[in-house]
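I opened the model to look up its charged contacts and a few of its strands.

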Amino acid sequence: MLPVLPPVASHGLAAVLTAAVLPLSGPFTPGAPGAGDPYFPNAGNGGFDVGSYAISLAYTPKTRRIAATTRITATATQNLSRFDLDFAGNTIGSVTVDGARARYRRDGGELVITPARGLPQGHEFTVAVTYHGRPGANKDPELGQTGWIRTKDGAVTLSQPVGSSTWFPVSDHPSDKALFSYAITVPKGLRALANGEPAGIAARHGRTTYRWRSSHPMAPYLAMVAIGRFRVRDGRSPGGVRTITAVDPVLTDVNGAKFQRDTAAVTDWEARTFGRFPFRSTGGVADDVDVSYALETQNRPVYPGTTDRIILVHELAHQWFGDSVSVARWKDIWLNEGFATYAEWLWTAAHGGKSTAQRFAKLYAKPASDKAWTIRTGEPGQRGMFDGFAIYDRGAMTLEALRRTVGDKAFFRVLRGWPARFAGRNAGSTDFVAFAERETGKDLDRFFDAWLFTGAKPPAPQPS
Ligand SMILES: [Zn+2]
């Protein structure tokens, strides 16, 4: 099924609508191997739009093996003779399209599928890929392990930006958001958590299947499964948001009750600050996993052993900024990280710490000659995507500078309006500039040009 979206221009939707008015006749041609993102040319795929993923996966920690079937529903956006999915490693048993066996070949990280007959534009089809193997993590030079990551008692998936293809066939670009459901089978005694909400538990032959289902579209890099021994808490925040947290019991420094309470309290505070919580449940997973980052996996961020409140503030802010409103292209990543960093500033200021002005002043004191200013926040290049200064700090500074330029009232209208306006969809920097100008009634081209698109220290903000 396709997510039902309001008829407003968003990148993913615009492509579908444009394609839909073209004549339906014409030749059948291969879909593109990528979604057209220059940072990751092979990420995502062209020629179709995914509606849903149903991932059925059994994991045996002792052998590190999975046996899985992923069923994808998608709609052809052109007359397709063949199409690609992103998929790495593992061994494929079979591929079917609409129930009929399809030919396939593997070409690097691409799984190239040729259905028995062409798929006409507008046709909704189902792809089922059955596979098994020992999935392995990607080694990212900056981030370390991403994708399917083994832990001492199971595994966890952390897939920003392009790790999901290590464990399921996927159109792995945030512009192709889709619904997800999971059936994860593990040996008795272990548990499985995922995005969305629990949808049933069944025990059979010494194994347990945990079902989870999300009811909001999700960028594929946010797909999360955590397998292992967990102490799980399922309750509601004082503000009424269902809160599900899980803690690996070997993490003796993590107080599970406090983690649950903090997650609920931060979610409520952020809902007051940014507007309604965008999903049906919040939460978090604290796992003993060998990575040095937390990730804002939808509904339930994953924390590698540390659950400091300020990290929760950052990852939960991403539920609005990054997860509900997702980047159109990876160059727009400051819309995730700048906002999540600014959420930390706002939280700190509201809880007796430094003011946002103090945070800004300290960072802005960096001399104009410092090389850190040369990375453009709105076009950082693939290697600059997670640059601490250009994306996180300068992203947050851009928001503080905007606040000084347009005033508090207009600024918070923008901050709350943005996740409401683009909820469940994709947006980029140009969308944000246009939105901010419309909400404030000011011409902000020069302002954003200096803050986002110029590799130099921007002028100090002035009220306009
Ligand atoms: Zn972040």
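This is a predicted model: local features need pLDDT of at least 70, side-chain atom pairs count only at pLDDT 80 or more; totals for chains, interfaces and linings use all residues.

**Entry 1: salt bridges.** I searched the whole structure and got 11 salt bridges. I then went through some of the pairs.

I took Lys 152 and Asp 288 to begin with. Their side chains meet in a salt bridge, 3.4 Å from N to O. The pair links distant parts of the chain, 136 residues apart. Lys 152 sits in the loop between strand S10 (144-151) and strand S11 (154-158). Asp 288 sits in the loop between strand S19 (281-286) and strand S20 (302-303). Lys 152 has a relative accessible area of 77%, so I logged it as exposed, the cut-off being over 50%. Asp 288 is partly exposed at 26%.

Next I looked at Lys 366 and Asp 370. The closest N and O atoms of this salt bridge are 3.9 Å apart. Lys 366 is partly exposed, with a relative accessible area of 25%. Asp 370 is partly exposed too, at 27%.

Then I turned to Arg 403 and Asp 408. Their closest N and O atoms are 2.9 Å apart, and they form a salt bridge. Is Arg 403 buried or exposed? I found a relative accessible area of 16%, so Arg 403 counts as buried, the limit being under 20%. Asp 408 is partly exposed at 44%. I followed the shared partners from here. Salt bridges join Glu 400, Arg 403, Arg 404 and Asp 408 into one network.

**Entry 2: strand S2 and its partners.** I moved on to S2, residues 65-76. Nine of its 12 residues are buried, so I noted the strand as mostly covered. I looked up its pairing on S1 (residues 48-60): the two run antiparallel and are joined by 12 bridges. Thr 69 in S2 is the bridge partner of Ser 56. The hairpin of S1 and S2 has four residues between the strands, and Arg 64 takes a positive phi near 60° there. S2 also runs antiparallel to S8, with 10 bridges between them. Here Ile 66 has Gly 133 in S8 as its bridge partner.

**Entry 3: positive patch.** Which residues form the positive surface patch? I listed Arg 64, Arg 65, Arg 134, Lys 139 and Arg 150. I placed Arg 134 in the loop between strand S8 (124-133) and strand S9 (138-140).

Technical notes:
Residues are numbered from 1 along each chain as its sequence is written. Side-chain values use heavy atoms; hydrogens and water are left out. Patches are made of residues with over 30% relative accessible area and no salt bridge: like charges are joined within 9 Å, nonpolar side chains (Val, Leu, Ile, Met, Phe, Trp, Tyr) within 5 Å. Accessible areas come from the Shrake-Rupley method with a 1.4 Å probe; for residues, only the protein chains shown count as cover. A salt bridge is a side-chain nitrogen of Lys or Arg within 4 Å of a carboxyl oxygen of Asp or Glu. Lys and Arg count as positive and Asp and Glu as negative; His and the chain ends are not counted. The place of a charge is taken as NZ of Lys, CZ of Arg, CG of Asp or CD of Glu. Buried means under 20% relative accessible area, exposed over 50%, partly exposed in between (1.4 Å probe, protein chains only). Two strands pair if DSSP finds at least two bridges between them.
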